[in-house]
Amino acid sequence: MTSWKTVQNLTIWLMMLLLCSNKLRAQLGTTPNIRPIVVGRCYSYITLVNPSLRFDCEEMWRRFEEAVLRQSSCNVTVENYQQMFYSIPQTSPCDRFLFWSKTRTLMQSYKAAVRDSWTLEDTLVGFLFNDLIWCGQEEQAGFDFSSCPAWSACRNHAVYSLWLQASQTFAELACGNITVLLNGSIVNAYDRKSMLGSVELDNLNPQRVNYVNIKVVADLQGPFIESCSQGSIVDLIHILQSRGFHLTCSDNDQALMILQCLRDPKQSVCQTYANSLSHRQSYIQRNHTQV
């Protein structure tokens, strides 16, 4: 027979579990203070990032609320956001577009080094809503700050629909020479179900894009799973060629290797590469002195 003390202990554990569960759900709800975050980012963008842009941040927020609020979390479509997107000016900096998939950390380092690159996160919409979560409530006014469904829970997810439209618009505007950054250390570096594979690449226009420059980057310590001649990237190359795109593909880009070595210089490949550069520099200086 179970003792009273055992029941009491189990009750305490259950209460702690429920408390933790509630806290976890709260963390998955709409980002706290989402309005001042988004509107504040908007003013920062038009004041510091792109001062030439003329845009009404308060009107943008009002249209965003109209798209999301009083709606089921899984019933916000791309069409819900159309009025907001119509009000947002779009820019198209040719030869600067950078697309990426599953290479977020490296992409951020690449952007810091190659300052003229332009990602979805650099657009006004991307800048405003990056890393935020939101969902409304069908029966009540306001956002749901306690719990929002995961992206995979439904097709017309409030967050997914916004990024779907943003990704499509970004790809349609791409022009000149563009770069695609992919992870060579995973299977399906080109994932047809990802936003890159299912939306962005499908909306590139071969009449606007001169070259698609694919850069495949594996982790310094491996594994080395995919490359320009192996895995899903071969499929990507064939798809792009069949659509009339000119392209290049590199899986040993020196600039990207240096960026990886800056983060982890103790890797043996970094030491080897540094020695090679040192010998090359000494050789050049020696020949220059002789001349």
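Strands S2 and S3 (residues 209-217) pair in the parallel sense over eight bridges, two strands being taken as paired if DSSP finds at least two bridges between them. Helices (H or I, at least four residues) and strands (E, at least two) are DSSP runs, numbered from the N terminus. The model is predicted, so that local features need pLDDT of at least 70 and side-chain atom pairs count only at pLDDT 80 or more, while totals for chains, interfaces and linings use all residues. Residues are numbered from 1 along each chain as its sequence is written, and side-chain values use heavy atoms, with hydrogens and water left out.

Strand S2 (residues 176-183) is largely enclosed by the rest of the structure, because seven of its eight residues are buried. Buried denotes under 20% relative accessible area, exposed over 50%, and partly exposed the range in between (1.4 Å probe, protein chains only). S3 is also largely enclosed by the rest of the structure, since seven of its nine residues are buried.

S2 also pairs with strand S1 (residues 98-101), in the parallel sense and over four bridges. In this pairing the bridge partner of Trp100 is Leu181 in S2. S3, in turn, pairs with strand S4 (residues 246-250) in the parallel sense over five bridges. Tyr211 stands opposite His246 in S4, and the bridge partner of Lys215 in S4 is Ser250.

Taken together, the four strands form an open sheet in the order S1-S2-S3-S4, with parallel pairing. S1 and S4 are the edge strands, each pairing on one side only. On average, neighbouring strands of this sheet are turned by 20 degrees against each other, direction ignored. Axes here are lines fitted to C-alpha atoms, for helices over the stretch in contact, and angles run from 0 to 180 degrees between N-to-C directions. The chain as a whole contains eleven helices and four strands. Of its 291 residues, 42% count as buried. Among contacts between residues at least 6 apart in sequence, 76% join residues at least 24 apart, a contact being heavy atoms within 4.5 Å.

Two packed helices are described by the angle between their axes and the distance between the axes. Helix H5 (residues 104-113) and helix H10 (residues 254-263) pack at an angle of about 110 degrees, with their axes 10 Å apart. H5 is therefore roughly perpendicular to H10; angles of 65 to 115 degrees count as roughly perpendicular, those under 35 as roughly parallel, those over 145 as roughly antiparallel, and the rest as oblique. On the H5 side the contact involves Thr105, Leu106, Ser109, Tyr110 and Ala113, which meet Leu256, Leu259, Gln260 and Arg263 in H10. The residues of this contact divide into five nonpolar, three polar and one charged. For this division, Ala, Val, Leu, Ile, Met, Phe, Trp, Tyr, Cys and Pro count as nonpolar, Asp, Glu, Lys and Arg as charged, and the others, Gly among them, as polar.

Several loop residues were also examined. The loop between S3 and H9 contains Pro223, and the peptide bond from Gly222 to Pro223 is cis, with omega near 0 degrees. Ser229 is placed in the loop between S3 and H9 and counts as exposed, at 65% relative accessibility. The C-alpha atoms of Ser229 and Cys249, 20 residues apart along the chain, are separated by 9.2 Å.

Positive phi values occur at Arg70 and Lys102. Arg70, which is not a glycine, has a phi of about 60 degrees and lies in the loop between helix H3 (57-68) and helix H4 (82-86). For Lys102, also a residue other than glycine, phi is near 60 degrees. Lys102 lies in the loop between S1 and H5 and is partly exposed, with a relative accessible area of 42%.
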